[in-house]
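Subject: Structure for you to look at

Hello,

Here is the structure I said I would pass on. Please look through it with the notes below beside you.

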Amino acid sequence: MNKTDNQKTTLPIETMRHSCAHVMAQAVLELYPGTKLAIGPSTEDGFYYDFDPQGQHKFSELDFVQIEQKMKEIIRSKQEFVREEISKEEALSRFEKENEPYKLEIIQDLDDGTITLYKNGPFVDLCRGPHVQNTSEIKAFKLLSVAGAYWRGSEKNPMLQRIYGTCFLTKEELADYLLRLEEAKKRDHRRVGKDLKLFTTSPEVGAGLPLWLPNGATIRRILERYIVDMELAEGYQHVYTPVLAKTELYKISGHWDHYRGSMYPPMALDDDELVLRPMNCPHHIQIYKSEGVRSYRELPLRMAELGQMFRLEKSGELTGLSRVRSMCLNDAHIFCTEEQIHEEIIKALQMVEKAYKDLGFTPDTYTYRLSLGDRNDTVKYVDNPAMWDKAENELRVVFKELNLPHYEAPGEAAFYGPKIDIQLKNVLGKEETVSTIQVDRHLPERFQLEYIGEDGKPHQPIMIHRGIISTMERMTAFLIEYYAGAFPVWLSPVQAIILPIKDSVNDFALNFHLELQKMGLRVNLDIRNEKLGYKIREAQVQKIPYMLVIGEKELQENKVAVRRRDGKDLGAMSIDDFKSLIQDDINSKRSRFE
RNA sequence: GCUGGAGUAGCUCAGCUGGUAGAGCAACGGUUUCGUAAACCGUAGGUCAGGGGUUCGAUUCCCCUCUCCAGCUCCA
């Protein structure tokens, strides 16, 4: 490897992808003249270009063969990329002449001064560059999909047609990437969820309203017990509150103004209106208020619930278990004093770390994000600069103190305050917010919360909203993909399956089954009239961690032959040995066999 | 919600330009009692997502609805 030698001649992959986007646009224009061009950048693992075919054509994947063919011709004809610098006025008149309305709009928004164009063959595009020197440098590319995209990302603007593609330095890298996409699809929680009978949906029940099947329900129950136990140990009090409330409650909280659009429509009841709740905080606030006067001695008051909530997400946003219209959140609200904020945030972060470790997430799968507000956007965010400064600072201090690597994300805060979000990367590399810790002085103000301080005077408590393992739906979706369905033993819907080889050992197997059930194991017994290979294959496909084979030999020796999900044969062992083996997996929450 | 694509047996899929459907696996019945990823034979299974239209005739063509997929937008 002579890296240093290559560095000058090897062009960054982004440049090549961007050039490839130009070539695609060029091909599209040749095939469909009159198509208007919008933008065409490189992305994390490819590129896209947005087109407006002026209603003349609708792109579909069937067009790809033709477009790719044309692209190959352009690449083969070794067209030079030439940079040209012109004035803004000249650029305006050029693209005016070309009749490119989107390009004109972009130029109009640019600063005065020189504007750069890139030209290859007959094709000219407004572009900052850089590009490869020659189209022939584009090596391995493939068009992937076509989809709609709003002009400038706003749903108020017309929708353009976006063609996605990718491009690599070598054919091998491209093939590798396509293979990775295929592999990722195999782990897709929707697919695995079906194969392993974890959850289903029904058109009669409705979109975005998943039904948990027994196997999925088992995983969920284990997760729920796990997190509730942790919270009780950490000084939380668990409550139950109803899944609906009067609209009035959300008018007071301010959610009505901010999120009415994604709340279920209210139902009329006598003189009142009820809505399905989109979050749990206002209910918890009512519990805080139920005592009348709270004392500083009660703080921090940590109130938790596995709260079922309902959000009317747009139909196109729904995805399996990770984006749904009814979900159960691992939610809690900590009512505390100013002085207690710091420690409570740290405690919550420690719970997150503990949970991730127990769930087997390696540090490279998650990142900390500080989600900030926008002082200029008083529509989306509560208008109270001092409050924002204070809360954002409190979160920054924690990061600094714990020396946690993180990044800041302006415009990602809740309407009432900033958040620490913990982002998990899913199989396709997409980030999802899972855990969150939020400092809120707004809702306590709206609901006029109070406690009597040491000084005998009333004060306003701070609320910390925090979620450790997110919604049961989203966490389960993530776990499915993270483990590709091969769950750690403690989470597995079925932890072991007993496979008798012939009828004559059935009684022995039955007793063994009872014995394992008695110790609380989730264990199946397969006494069907099938060959061992068949039973093993089926158990393997179901990703059951342990297969316990019982034949004549095992019966004689009062043992069991243990085969692990990863194919390893652990040989025959005494029943007690197997019990302690699997009990150790469960107790240690071992996540993978090595 | 928007743009594009799709929906055939429980699952995975085949079915050319209109003539009312097929395979493998699963299920069920039988034979087989078997040693680490699929024994053999047979049976049954479909309002071709739902509704409307064109046609002598629609799984196939057109319209509407539902659901799903990719992306955009959004995510308290």
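Just after helix H4, Asn 99 takes a positive phi of about 60°. H4 itself covers residues 88–98, and its buried residues are Lys 88, Ala 91 and Phe 95. Seen down the helix axis, these buried residues fall within an arc of 55°, so they line one face of H4. (The arc is that of the directions from the helix axis to the C-beta atoms; buried means under 20% relative accessible area, exposed over 50% and partly exposed in between, with a 1.4 Å probe and protein chains only.) An α-helix has 3.6 residues a turn, so residues three or four places apart point the same way. The face of H4 turned away from the buried side carries the exposed residues Glu 89, Glu 96 and Lys 97. The buried residues of H4 pack against strand S4 (82–87), helix H5 (101–109), strand S5 (114–120) and strand S6 (123–126). Helices (H or I, at least four residues) and strands (E, at least two) are DSSP runs, numbered from the N terminus.

The model is predicted: local features need pLDDT of at least 70 and side-chain atom pairs count only at pLDDT 80 or more, while totals for chains, interfaces and linings use all residues. Residues are numbered from 1 along each chain as its sequence is written, chains are lettered from A and ligands numbered from 1 in the order in which they are written, and side-chain values use heavy atoms, with hydrogens and water left out.

Chain A has 594 residues, of which 50% are buried. Its secondary structure comes to 19 helices and 28 strands, and its C-alpha trace spans about 85 × 75 × 55 Å along the principal axes.

Next, strand S24. Five of the five residues of S24 (496–500) are buried. Ala 496, Ile 498 and Pro 500 point one way from the strand, and Ile 497 and Leu 499 the other way. S24 pairs in the parallel sense with strand S25 (523–525) over three bridges, where two strands pair if DSSP finds at least two bridges between them. In that pairing Ile 497 stands opposite Asn 524. S24 also runs parallel to strand S26 (546–550), joined to it by five bridges, and there Pro 500 stands opposite Ile 550.

Then there is RNA strand B. Of the 53 residues around the RNA, those that come nearest are Tyr 150, Ser 315, Arg 323, Asn 529 and Arg 537; a residue is near a molecule or strand if one of its heavy atoms lies within 4 Å of it. Helix H17 gives the largest share of the surface near RNA strand B, six residues.

- A backbone N or O atom of Gly 148 lies 3.1 Å from a base oxygen.
- A polar side-chain atom of Tyr 164 lies 3.1 Å from a sugar or linking oxygen.
- A side-chain N or O atom of Tyr 534 is 2.8 Å from a phosphate oxygen.

Within protein, one atom of such a pair must be able to donate a hydrogen and the other to accept it, and residues adjacent in sequence count only if both atoms are side-chain atoms.

Last, Thr 365 sits in the loop between helix H12 (341–359) and strand S17 (366–372). Thr 365 is buried, with a relative accessible area of 12%. A polar atom of its side chain lies 2.5 Å from the backbone oxygen of Thr 362.

Regards

Definitions and conventions: Contact = heavy atoms within 4.5 Å. Polar contact = N/O pair within 3.5 Å; in protein donor to acceptor, adjacent residues only side chain to side chain.
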